[in-house]
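Subject: Structure handover

Hello,

Please find the structure below. My notes on what turned up in it follow.

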Amino acid sequence: MRTDGDKGYGAIAERMEELARRQPGFIGVESVRDASGSGITVSYWESLEAIRDWKRNEEHLSAQQKGRDQWYSQYRVRICKVEREYGF
């Protein structure tokens, strides 16, 4: 859950997406948030190794720390495997 106010969140979120797109193994990202601040961001990666490397990126580590200190009262990370996707 996000805390009140932006406190630089928007700029860092844009930077993290830009940085992730340059990271080997990145496939894509989707994000939605409601008016109360509750939301979800899903990033897609080619492998667990690519996820690990992203998690260890120094600039990303700094943003994660700011997230814990300033932007989120709580959050959850899930690593899942997409077995199939289809749509209409």
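His60 is buried in this predicted model, with a relative accessible area of 13%. His60 sits in helix α3, which covers residues 58-71. Leaving aside residues up to four places away in sequence, His60 touches Met16, Leu19, Trp54 and Lys55.

The buried residues of α3 are His60, Ala63, Gln64, Gly67 and Trp71. Seen down the helix axis, they fall within an arc of 105°, so they line one face of α3. That buried set packs against α1 (9-22) and α2 (48-55). Glu58 and Asp69 are exposed and lie on the face turned away from the buried side. As for length, the 14 residues of α3 should span 20 Å at 1.5 Å a residue, and the end C-alpha atoms are 19 Å apart, which agrees. At the start of the helix, a side-chain oxygen of Asn57 comes within 3.0 Å of the backbone nitrogen of Glu59.

On charged pairs, the structure holds five salt bridges. Glu59 pairs with Arg15, with the closest N and O atoms 2.7 Å apart. Glu59 is in α3 and Arg15 in α1, so this pair ties together parts 44 residues apart in sequence. Arg15 also forms a salt bridge with Glu18, again with a closest N to O distance of 2.7 Å; these two are three residues apart in α1, about one helical turn. Arg15, Glu18, Arg22 and Glu59 are linked in a network of salt bridges. Within it, Arg15 is partly exposed at 23%, Glu59 at 33% and Glu18 at 41%.

Another salt bridge joins Asp53 and Arg52, with the closest N and O atoms 3.2 Å apart.

Regards

Definitions and conventions:
Residues are numbered from 1 along each chain as its sequence is written. This is a predicted model: local features need pLDDT of at least 70, side-chain atom pairs count only at pLDDT 80 or more; totals for chains, interfaces and linings use all residues. Side-chain values use heavy atoms; hydrogens and water are left out. Helices (H or I, at least four residues) and strands (E, at least two) are DSSP runs, numbered from the N terminus. Buried means under 20% relative accessible area, exposed over 50%, partly exposed in between (1.4 Å probe, protein chains only). Contact means heavy atoms within 4.5 Å. The expected span of a helix is 1.5 Å times one less than its number of residues. The arc is that of the directions from the helix axis to the C-beta atoms. A polar contact is a pair of N or O atoms within 3.5 Å; within protein, one must be able to donate a hydrogen and the other to accept it, and residues adjacent in sequence count only if both atoms are side-chain atoms. A salt bridge is a side-chain nitrogen of Lys or Arg within 4 Å of a carboxyl oxygen of Asp or Glu.
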